[in-house]
2 protein chains.
Amino acid sequence: MVESMSRPAGAVQSLDRALDLLEELARAEGPRGVGELSELTGLAQGTVHRLLQGLHVRGYVRRDAARKYSLGTASLRLADAAHRSLVRTARPYLAELVRLSGETANLAVLEGDDVVYVGQVPSPHTLRMFAEVGRHVPPHSTAVGKVLLADQPVDRTTALLRRTGLPPRTPTTITDLAAFLTELAQVRERGWAVDEQEQETGVRCVAVPVGPPGSVVAALSVSGPADRFAEEATDGLIATMQRIGQELGAG
Amino acid sequence: MVESMSRPAGAVQSLDRALDLLEELARAEGPRGVGELSELTGLAQGTVHRLLQGLHVRGYVRRDAARKYSLGTASLRLADAAHRSLVRTARPYLAELVRLSGETANLAVLEGDDVVYVGQVPSPHTLRMFAEVGRHVPPHSTAVGKVLLADQPVDRTTALLRRTGLPPRTPTTITDLAAFLTELAQVRERGWAVDEQEQETGVRCVAVPVGPPGSVVAALSVSGPADRFAEEATDGLIATMQRIGQELGAG
DNA sequence: AAGATTGATTCCACGATGCGAAATACCGCA
DNA sequence: TGCGGTATTTCGCATCGTGGAATCAATCTT
């Protein structure tokens, strides 16, 4: 083994390679064989086989009749716990955002075709917003939804929107597919999204991604009454939100 | 190293140990320190630290300010793909169940407080059932819901039911918490659940878990009109369903 | 149906790699 | 500022993982 400099110090080779395999399988559309994976990762076939076997015993990969491998159910179990962990660690950050903005802060994820709020710290103001934890909302009329969709491959997004449509919730809701895709491109570009009373009249909301581009796992948002929570109020906030989003995504 | 017999041949030690750590973190309520994990897994502190570092670089674990570790967001990314993979591999099994029973077969998971149907192969009969893919249904009035809740810790189940309540959907829906918990105990005991027109009048449904007790990730069900799909019709079916459920859970 | 081709699995000897014990650095606390 | 408890780093050694080649199985070809 010669490439001594190519790996960060302290990394465990076999673990690192096994994770490569898992992520390759996650990226793949369908099941993959040992040979293909060997090709994709640059590992020897024997090595790939041995690592996959280790993962298979633990349920992290599944092997079908044709000896093709795909992701197993063990990662679903981890994800469940990871989800709870994310919600828990997000709370202090949400509280910090409330402190800075005076408005309600939320954490949301994409579940199927809906956006679901999984965490919230409400504003201290007596006049505060909607959207309790557990609430399902459409992706196309919310800032969090835009952030989450913007990170998906375009074809998956269009498929989703074809299923759900873009029903108007308020007069400002974007109802045209092309216009919405343009909006998403902009969101992707600048790294944050805004909802200008598109989901609920009188409510404005800004959102940022949690996690790096291409693997956004959640969205962080702050929302308040449009008159109080106007553009100039959010200007300074967004940079902080983005920092927190990154931190949460890969702490 | 002496315990040469204790590990299945072909397993990769460091990978195996890293997975132990991940699962320990998944099991844990809150963040855990290196020392605690060393204790829990029986590994030397140095080893735990090195493996955690490898997992941390890849985002599978998160390290907080107090040097405590918890699960990171990387597994959430895997889960998305694992979910699709589960749905895809389940299809032929669902088809097999339709062939055997003549009725509609479903795959469902727990998402937040709802049961969501994620896969279906409809019965060839012209008279077939409700519940298209994507449909959210309450856990307490469905066989799949019972199966999924039965595998959760009781305190989490009661917390969930306190949030959702047990609204009656039909005259036979179980609406009493104590009665429902008894029902769940029975489901856990015998390994399958039935819905006697509790969700929809005239519809009977049986369900089994996907995955081993304690890590059920989904539920498999067959449902049909109560008069046609009666108890004697399901008797033989359930064993097959259980076999398929296990197979799907850890293929 | 037999051979050919592709791909998965097993084997094995080498040496890089991951191991653990102990030393060191760090942090919270008084 | 010093103390107790953790986390982290170090380091020499043995182990464990590695890759390439050989074997085995399955799928195409003609």
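Trainee: Which domains does the assignment give for chain A?
Mentor: Chain A is split into domain 1 (9–71) and domain 2 (77–250). Such bounds come from an automatic or database domain assignment. This is a predicted model, where local features need pLDDT of at least 70 and side-chain atom pairs count only at pLDDT 80 or more, while totals for chains, interfaces and linings use all residues. Residues are numbered from 1 along each chain as its sequence is written, and chains are lettered from A and ligands numbered from 1 in the order in which they are written.

Trainee: What separates the centres of those two domains of chain A?
Mentor: Taken over C-alpha atoms, the centres of domain 1 and domain 2 of chain A are 34 Å apart.

Trainee: OK, new topic. Which residues come nearest to DNA strand D?
Mentor: Gly46(A), Thr47(A), Gln13(B), Gly33(B) and Gly35(B) come nearest, out of 21 residues around DNA strand D. A residue is near a strand if its C-beta atom, placed from the backbone, lies within 6 Å of it.

Trainee: And which element gives the largest share of that surface near DNA strand D?
Mentor: Helix 3 of chain A, with five residues. Helices (H or I, at least four residues) and strands (E, at least two) are DSSP runs, numbered from the N terminus.

Trainee: How do the residues near DNA strand D divide by type?
Mentor: Six are nonpolar, twelve polar and three charged. Here Ala, Val, Leu, Ile, Met, Phe, Trp, Tyr, Cys and Pro count as nonpolar, Asp, Glu, Lys and Arg as charged, and the others, Gly among them, as polar.

Trainee: Now strand 7 of chain B: is it largely enclosed or open, and why?
Mentor: Eight of the eight residues of strand 7 (residues 203–210) of chain B are buried, so the rest of the structure largely encloses it. Buried means 20 or more other C-beta atoms within 10 Å of the residue's own, exposed means 12 or fewer, and partly exposed is in between, with C-beta atoms placed from the backbone.

Trainee: How many bridges join strand 7 of chain B to strand 8?
Mentor: Eight, and strand 8 (residues 218–225) of chain B runs antiparallel to strand 7. Pro209(B) stands opposite Ala219(B) in strand 8. Two strands pair if DSSP finds at least two bridges between them.

Trainee: What about strand 6 of chain B?
Mentor: Strand 6 (residues 193–196) of chain B pairs with strand 7 in the antiparallel sense over four bridges. Ala193(B) has Ala207(B) as its bridge partner. The two strands form a hairpin with six residues between them, and Gln197(B) in the turn has a positive phi of about 55°.
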